[in-house]
Each structure stands twice: as structure tokens, then as C-alpha cells.
Amino acid sequence: MSKSYPPMHKKVINVFMLSLTGLAALLVVSVLLFILGYLVWHGARSLNWAFFTQLPVPAGEKGGGMANAIVGSGKLLLLASAIGIPIGLLGGIYLAEFGKGPFSLAVRYTADLLNGVPSIVIGIFVYTLIVLPQHHFSGFAGGVALGIMMIPIALRSTDEFLRAVPNTLREGGLALGASKAQTVVTIIIPAAMQGIVTGIMLNLARVAGETAPLLFTAFGNQFWSSGWNGPTASLPVVIFNYAISPYEDWHRQAWAGGFVLLAGIFVTNIIARVLVSGRHSPARG
Amino acid sequence: MATPPALFDLKKLHHARRARFGDPEPAETEPLRAQFTVADMNFFYGGFQALHDVNMVLPEKRVTGLIGPSGCGKSTFLRTLNRMYETVPKTRVTGTIRFGESDLLEFSPTLLRRRVGMVFQKPSPFPKSIFDNIAYGLRVNNLCRNRDLKGKVEECLRRAALWEEVRDKLNESAFSLSGGQQQRLCIARALAVDPDVLLLDEPCSALDPIATAKIEDLIFDLRRSCTIIIVTHNMLQAARISDYVGFFLQGKLIEFDAARKMFQFPSNKLTEDYITGRFG
Amino acid sequence: MASTVTTPPPMMGVKDAPEKLSLMERLKKGDEVAYLVTFASALTIILITCLLVQHLWVESALSRHAFGWKFLKTSTWDPVSDQYGALPFVYGTVLTALLGLVMAVPVGFGAAIFLAELAPRRVSNVLTFMIELLAAVPSVIYGLLGIFVMLPLLREYVVPVLQKTLGFLPIFKGTFYGVSYFSASCVLAIMIVPFIVSISREVLLAVPQAQREAMMALGATKWDVTWKSVVPYAQRGMIGSIFLALARALGETMAVTMVIGNVPAISASLFAPGYTIAAVIANEFTEATGDLYVSALIELALVLFAVTMIINALARLMMLGMKSQEVAH
């Protein structure tokens, strides 16, 4: 007479909890599918050539597009990358290759601190830093705000990917008479390049959707913004303004804009993640 | 009194090798020169002393083997010769090491390492093509014009006995080679900068016997053009290829002598115990 | 034991001048330059953060001197008479964040446990990938869906049920127009779940296999192993993830301001409109006239900064505790 082990009630609990937690996971995933589906349904339908090429029309009228907002977002991201990526990359190289001791600890802690600051506070900071002295909103201020948000992530990600490169490569370079700087630039960074690029892409995707820091820096613009010195429209801010407005047509355009924004972010994310998990190191168990 | 029997018959081992390479014995009157002169060297990892009062003269253009049980400090000693220990924090060296007639510390580390090359235990080619691996040292030190690069790379690969195996795939990743080939690639890479000395840190420990034999042949081939100092835990290997041998134990140099003498008639009881396998 | 070191026949030294690199060559090799440049970049981060704190402090001085600590305890927010009290916003921020956490944590933990311990590997990888995509959805899109999808949903289906069954509770009283603390909490919950799942899952996966094997060898079910062995080991990390999610929720701006109603009034009912710190700054900053008004808003930003900094620090302490636990074992 064999007794089955574990006892029946334990087996029942096991199956029950498996289902419950599985349900929770399914619930979360279904939210994603719902968001995606709804935006595709509502947003993609409203996409037309005008959306991408025309400027907004006055409030209440139908038609027009978000051309200036899309270009504006592009400009802001360009400036943000020019600020955030070099500082984050070089700082990460310092932490991984040169730094040791309390200064490095301070840098890492500060980066985490800055990363945790709500984006609206960063917006206020850049407002007091740039907008107030200049007495006007500007694309420059908006780019700086987004750039500051990019720095801590770029720093940590570069730091981690560089440290993941095995030390034998560093020693190999040094043993051939290369200086530390040469080893880092010609061996270590290329070895970590995939991870670094992925990190940059994910960073950009995150910052592209930020609205709050732009509310009082780049502000917004119904027309094209020339140069960096004037208020600049951006996709997330326009979506926000249109969504809370009372106009039907603007709601429709908000959906379209939302779809474009989300599509850009998702595509960037998927490409970046597939890059990393795809061509991983030769020894992958 | 009868002389004690020799522990190993080195004549047989060397005879076989010389038959293949046709290498005559170096003339005994050829004056030996000192490549490294180590005096009263002590080495510390933080508070731990890894090497005690090491005194040694390493000859030029010969193969010197360093043997001893694991943890005895032979790898640590090797790394003092090209100042690689400086990349590790909290390390300290006292005493003097002379490279030729000048103190090691007077050299700039990067220039020193060009002249004293190193090959590590685990074959670690750079994640680049085979060609770029060899060319790395040349490029980084500006040793060679671009148009001469191809010729120099071929020369190094021939010296390392790898040319025939890789001539058709120079642009492929170095990782496409087998472990033994990768290690020979690393040796070729080290040879590219024409070093005076080649330091080998247990280069065959991760390889199969056939690859090991190939590398030993390579070392034998190189020894008259380059000083070779090889750390190995394989005594037979040391017996096969070394001209001189140093035996380390617990951070101290116990005996240093010509290989022929040390393996057959060691002066120190500890050496004899180690060679006959009584410990280690 | 004496060491016998026999030297070979006397050797002459090799004539060699020690070589050093000239200044130009050292510059080209680049070690000094590289150190300086990378050091400067690392320093920049510290400078930016110090500048941030300094600016917030200085620009809020007017308001801090005018109201002192009363700022956090007064509930009047009246730009007309230049009276500013932060209590409604603090109340709204804390309430929505906590309520959002209460709704998110069970679901988040459940999903994380499923993905880390119970699900087959391939299913887990696919679902994890999708949940990490969810974490990339920007706040303004949650807000968009919040206004046009969630509010009607709550109004038609959820709130009537709640009011019918639990309507006697003061938190469920009052008419529900859509924008409210409750709506904001729901949106926040959805936003922070992927976060909790992601971090908790990693924490669970990091639990050493030995922990599981010990129990499995005794014939325990998968759930038993998870609940009795893995989760307790990972609990510090999981609680840390709650803190991190909390800090996130406190700072959320766009989605909240789109569905909370933006009314600076404290109310017992969850169905009443409210306000949070981030929302009021977003809404009123560009319209703010008068130095005291602006200064008060910046003081709110300072408060938000301080609170999120403290909570993030607590979270990190918890995670550090988890790491040392691993080392000890």
C-alpha cells in the first residue's frame, strides 16, 4: 500500500497558487495587450499624411497635424543625447576603469539619487537654471532637462557593461605595451559595445516619452521653432494638451500622436533588447 | 664513491628534440649575459607576503623554467618582471630588479612591456579578427607602416607555426580557432612587437597534449632569438624545454641551476622531494 | 632549510639605457588626458546634483521664510490672497501612492513569483519581455487611456458596485464624476505593477539554488518550496522593490494630473477630486504670477525631492541588506 507524497491538500494548494499567480501574470500582460490594441485601433485610424506634415490648426477647427511636435521632439532628443551620452559614457568609463575609493562611491550614489528624482523636479531645476535668466522658454532648456535625465542611466549602464568585460583582455592589452587609455578605447569598449548601444537606445526611448520636464522648459509652440532659442513643441506635451482639451478633433489627434509615440518607443525597445539577447557572447549555456 | 643515479634521463628527451630540429648544442664558451638580475626581492599583497628574499639572475636568450607547487609564488614572481602587478591595488615590491643594467622601475611601464611580453594561462585573444589580434601591438605602438602590416603579421604567424592553419581566414574572429590555436595566436601576438623577453604563465595548462606539444616545439624554436621565462606546474615539461630551472616553495627560491644538473642531481633535498613527486 | 642557489657562470649585464616616454608620446598614449576627461565627467554628475539642490533651496526661500513648517500643515491654497499650504497635496500624494501600492503589490508579487519560480522557462521569458515593455510606456499615454478608457469604466461598472456594497463607508461616499483620488490610484497601480514584477522577479531569481534544492529533496511541492524557502530568503529585496515603486508613484505627474481632478481640497471620500504635489506643479507653474506663488510651488518641488530621496535611500538599504545576506550564506 503506497502512500502518495506530498499529501493531497498540499497538491491542491500547489495547483491553486499556480493558477492564482499565473492569473496575476496574465492580468499584467493583458494590460499591455489592451494598451497596444486600443492605441492601434484608435490611433492608427487617425493617421494620415496631414498628421505628419501639417501644423496644428487653431483650437476648435478640424484638421491639421503634429509635424512641428514630431520634429520638435527629434530636436530635443538630439540635444539631450549630445549632453547625456558623452557625460554618462565618460563617467561610466571613469567608474569602471580608473576610479576607486570614496569618490567613486559618491559618484555612484549621486547617479542613483539623480535617477530617482521625479522628472518634474528636474523640469523646475532647469527652469530656474536656464529659463529664468533667459526670460524665455527654449528648446535648449528642454534638451538640457532631458539630457540631465539621460546621464545617470548612461553612467550606470556603461559602468556595468564595461565591468563585465573579463580582466584578461585588459591585461592582454597592457602586456603588449598599450597604455590604459588605449586598452580601454581599442579593446574594452569595442568588447562592451553591444551592451552600451543597447543601453543608449533604451535610455533614449525612456526619455522620448517624458512630458513633465518639458512643461516649463521647452513649453510648446503652435508653429515651427527655429533654432534652439524659442519655445519648442514636443510630441508628449502636445498629446497631453490635446487630451485635456474639450475638442473632439484634438482628442482624435491625441490618439494618433499617442500611437506614434508608443510605436517609436516600443520599436526601439524591441530592437535594443533583441540586439542584446540575440548575438550574445559565444559561451551561452 | 658511486655517483647517485640520475633522476631523469634528460639525454633521451633532448636527443629526440634535437633530432627533429637539428639544433646543435650551444658552445659552452659562449658568454651568458644576464637579462634580469633580482636582488633581495620581497613581494606583498597588502599584508600578505608572497615572496621572500628572492635572489636570482635570469640568463639572456635561454629558456628558464620556474617550477613549484601551486601557490608558491612563481606566477607572482613572473609578474614582477614586466610590472604587471602594478595593475592590482595594494601590491608592494622591495628590493631591486635590474633589466640588463638598468633598474626596472626606471622604465616607463608601457615601453617596458613592449620589450618584455607576456602570455597568460587562459588563451585570451581579443574579440577581433585574427589579423587584428596580431596587428594590435604593432598598431598601438606605431611600430610599422600600414603597408608593411600584412607582411609583419605573416612573419609573426610563421614564427608561431600558425600561418599555414590560418592563412585563409585571417579576417575571421579569433574565437573560431581551437584552444591550442588561440594560445599560439596569443604567442604570435606577443611576438609581433619583437620583445627581448617572453614571459609565459602556464601557457599549456588549459590545453590538450597535442596542442601542448606544438607549443613546446614553438618555445624550443624561439629560444635562441628571445629570452623565455616559463612558469609551469608540469615538471616533465620544464625538463623537456628549459635550459635553466628555478624551484619555488612557499614564496622562497629554493634552488636555481642548469636544468640538466637540477633534474638529475638536485642539490637541495626539497628539490629532490618535489621532483620525485613526494609532495606538490 | 637553506636554499641553494647556484648561479650559472658569471654573466655580464646588457648595456641598456632605461627608456621613458617623452611628454608628447605620453600625451599621445593618452593616459593622463583620459583620466582627466573621464574624471571631469564623473564630477559633473555630482556638480549637477548639488546645483539642483542648491537651486531648489534658494528659489523656495521666499516661501519657506513666509510659512516655515506650517507650510506642510496648512490646507489653504489660495493664490488670490497669497496663502499657500501644502497639506492637500501631501495628502493626495501619499493617499494615491499608498492606495496604488495596495492594489499593485499583491498582483505584482503574484506575477513575479509565477514568472520566477512556477512558470516554465520559455513562457516566463516571453511574459517577462512583455512586462518589461509595459514598463516602457510613458506616463502621458497612461493618462490618455486613463481619461478616455478607465474613467468611463470606473464610472459604469466599478464604482456603482462599490457604492452598492460598501457605500456606507465614508471613503466610498459622494458622487463619482470620474476624476478622483480613486481613479488616480488605479492608474498609478497599473503603472507601478510592471516595476514591482521586474525587480521582484530578479530578486527571486537571485536566490541561490541550494535553498530550493534543500526543500525539494524533502519532497515538497513547487509552491511549498517557493513560499516557504525562496520568498522568505528574498523578502528584503521584495520589500525594497515596494519602496522603489513607492518612490516612483510619489513622483508620477502626467497620468495623475489627467485623472485626479486637480482640486486642492482634502476629502474623506476616495471618489472626490483631489490633487498631488506633482500635479499642482504641472498645472499651475506656468500660470503662476507673483514671486510668493512661484516660490511656494518650488518649495513643493523641494518637498517632493526630499521625500523621494529618503524613500529611495531606504529602498537601497533594504537591497544592500539582501546582498550581505547572500554573502553570509
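Predicted model: local features only at pLDDT ≥ 70, side-chain atom pairs only at ≥ 80, totals over all residues.
**Chain A overall**
- Chain A has 10 helices and zero strands, so its pattern along the sequence reads α-α-α-α-α-α-α-α-α-α.
- The C-alpha trace of chain A spans about 75 × 70 × 35 Å along its principal axes.
- Of the 285 residues in chain A, 53% count as buried.
- Take the contacts in chain A between residues at least 6 apart in sequence: 73% of them join residues at least 24 apart.

**Where chain C meets chain A**
- Chain C puts 71 residues into this contact, and chain A puts in 73 residues.
- On the chain C side, the most comes from helix 2 (residues 31-59), with 17 residues.
- That side of chain C, the one touching chain A, splits into 49 nonpolar, 16 polar and six charged residues.

**A hairpin in chain B**
- Strand 9 (residues 244-249) and strand 10 of chain B pair up in the antiparallel sense, over six bridges.
- The two strands of chain B make a hairpin with two residues between them, and B:Gln250 in the turn has a positive phi of about 50°.
- Across the pairing, B:Phe248 stands opposite B:Leu253 of strand 10.
- Strand 10 (residues 252-258) of chain B is largely enclosed by the rest of the structure, because five of its seven residues are buried.

Notes. Residues numbered from 1 in each chain as written. Chains lettered and ligands numbered in written order. Contact = placed C-beta atoms within 7 Å. Helix = DSSP H or I, 4+ residues; strand = E, 2+ residues; numbered from the N terminus. Nonpolar A, V, L, I, M, F, W, Y, C, P; charged D, E, K, R; others polar. Buried ≥ 20, exposed ≤ 12 C-beta atoms within 10 Å, placed from the backbone. Pairing = 2+ DSSP bridges.
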